[in-house]
Amino acid sequence: MFSCKDKDAFTISGTINNPGSLKKIYLLEADTTQITVVDSTNLSEQGKFQFKHAAPYANLFKIRVGGSIFDLIAKNGDAIDFTTSLTDPNHAYQVSGSDESEKIKEYNKISNYYGDINSKISGEYQDKVQAVGKETDSLVNAYMPLFQKNIADYSMAILKFVNENKRSLAGFYAATSLDNVKYEPQLIVYADSLKGNFSDNPTVQRFVKQMADVKPISIGHQAPDFTVGGIDGKPIKLSDYKGKYIMLDFWASWCVPCRHENPNVVKQYAIYNPLGLNILGISLDTDKAAWAQAVSHDNLSWAHASDLKTFEGPVEKLYHIEQIPSNFIINPQGIIIAKNVTGADLEEFLNKTFNKPQ
């Protein structure tokens with residue numbers, strides 16, 4: 001007549017309709033760095049299964065049913081009921097006993113909607129490539145904006161979901177699906193709102209710390225000064241450029257995406273250097289000869305410097321460089337006004353900055 005929840009574990013009682021030959025179900029635990037199988041169980045002849053697992057703090061778990069993955073958020077004391085059908089093409093599922101799991105379903109609905117659009121665009125693109133026998137610039141130019149728009153639409157939908165679910169772990173896991181470079185300002189604001197919440201969840205706290213670390217070198221903050229050795233051996237200070245626009249361009253001779261971006265930077269420098277744009281290239285090379293050869297080969301006619309210590313250099317650590325190419329655009333007052341803008345985005349930003357009404 002009465003039942004008591006187990007305060008030291010959660011349970012998932014599940015039913016798989018139309019299981020076919022499926023025999024085994026897996027329980028996975030996720031964080032922002034990895035997904036680990038933590039339990040497995042056999043499916044009964046009636047398609048029933050149960051998991052019992054300890055989770056001292058609310059966390060994201062996944063049930064793997066054949067080739068399908070279903071997300072849940074669980075913590076000790078939860079008694080969750082789960083139902084799905086293996087023949088459902090939409091992989092729909094029902095879950096009760098966990099309010100957070102209902103929220104993660106909402107996130108998955110958004111993710112699946114834009115994922116389906118992406119798959120459709122990708123399928124059309126591959127069909128066109130197959131029809132002409134190769135990838136062409138015209139096809140790339142036609143389909144790339146469609147991919148980019150879908151990603152942008154997805155990101156806007158996720159930001160809306162996150163803002164509506166700031167006190168939900170589902171909101172957190174949705175936020176971690178965003179491009180943390182492009183949406184850094186929004187993620188910093190979101191991380192600030194998480195302080196004091198989910199204090200027992202190490203994944204959340206790691207994210208909060210990560211955002212706190214990059215906040216001092218985010219848009220709107222004063223760029224920290226530094227001194228670095230120039231390619232000619234003379235020291236260069238960021239403060240040497242006080243009162244001027246400067247772009248710090250972190251790159252390396254061995255970095256293929258950097259080398260692909262260099263022609264665009266050369267083009268923009270030719271246009272905007274006469275209008276006041278300066279560039280300081282900071283190389284993550286360790287081989288000075290390779291660095292100098294790349295500077296010459298790519299016609300990089302601006303100032304260059306490096307400590308030749310890859311990501312371990314003091315300037316790289318000061319600016320939290322974790323991937324390249326990376327850049328910072330700093331205004332004459334020393335304020336960071338843009339970060340990690342490349343390609344057409346760089347061209348658009350510089351055009352707005354240097355051609356704005358006086």
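Biologist: Is Lys-62 buried or exposed?

Modeller: Buried. Its relative accessibility is 14%, and the cut-off for buried is under 20%. Keep in mind that this is a predicted model.

Biologist: Which residue does the Lys-62 side chain meet in a salt bridge?

Modeller: Asp-71. The N to O distance is 2.8 Å.

Biologist: And Asp-71, buried or exposed?

Modeller: Asp-71 is buried too, with a relative accessible area of 7%.

Biologist: Which side chain has a polar contact with Asp-71?

Modeller: The side chain of Asn-108, at 3.5 Å. Asn-108 lies in helix α1, residues 99-132. Asn-108 counts as buried because its relative accessible area is 14%, and the limit is under 20%.

Biologist: What does Asn-108 touch, leaving out residues up to four places away in sequence?

Modeller: Asp-71 and Tyr-93.

Biologist: What lies over the face of Tyr-93?

Modeller: Lys-105 does, at 5.3 Å from the ring centre. Tyr-93 also belongs to an aromatic cluster with Phe-49, Phe-51, Phe-70 and Phe-82.

Biologist: Where does the charged end of Arg-64 sit?

Modeller: Over the ring of Tyr-26, 4.5 Å from its centre.

Biologist: Back to salt bridges. How many does the structure hold?

Modeller: Twelve. One of them pairs the side chains of Lys-75 and Asp-78, at 3.4 Å, N to O.

Biologist: How exposed is Lys-75?

Modeller: Lys-75 is partly exposed, at 40% relative accessible area. Asp-78 is buried, at 10%.

Biologist: Which residue forms a salt bridge with Lys-160?

Modeller: Glu-164. The closest N and O atoms are 2.7 Å apart.

Biologist: Why are Lys-160 and Glu-164 separated by about one helical turn?

Modeller: Because they are four residues apart in helix α2, residues 137-164. Lys-160 is exposed, with a relative accessible area of 51%. Glu-164 is exposed as well, at 51%.

Biologist: Switching to rings. How many aromatic pairs are there?

Modeller: The count comes to 20. One of them is Phe-172 with Phe-207. Their ring centres are 5.5 Å apart and their planes are at 70°, so the pair is edge-to-face.

Biologist: Where in the chain are Phe-172 and Phe-207?

Modeller: In distant parts. Phe-172 is in helix α3, residues 169-175, and Phe-207 is in helix α5, residues 202-214. They are 35 residues apart.

Biologist: Are Phe-172 and Phe-207 buried or exposed?

Modeller: Phe-172 is buried at 0% relative accessibility. Phe-207 is buried too, with a relative accessible area of 7%.

Biologist: What does Ile-12 touch, not counting residues up to four places away in sequence?

Modeller: Leu-27, Phe-49, Gln-50, Phe-51, Ile-63, Leu-72, Ile-80 and Phe-82. Phe-49, Phe-51 and Phe-82 are also in the aromatic cluster with Tyr-93.

Technical notes: Residues numbered from 1 in each chain as written. Predicted model: local features only at pLDDT ≥ 70, side-chain atom pairs only at ≥ 80, totals over all residues. Heavy atoms only, no water. Contact = heavy atoms within 4.5 Å. Salt bridge = Lys/Arg side-chain N within 4 Å of Asp/Glu carboxyl O. Buried < 20%, exposed > 50% of the residue type's maximum accessible area, 1.4 Å probe, protein only. Helix = DSSP H or I, 4+ residues; strand = E, 2+ residues; numbered from the N terminus. Polar contact = N/O pair within 3.5 Å; in protein donor to acceptor, adjacent residues only side chain to side chain. Phe/Tyr/Trp six-rings, centres within 6.5 Å; stacked < 30°, edge-to-face > 60°. Lys NZ or Arg CZ within 6 Å of the ring centre and 35° of its normal.
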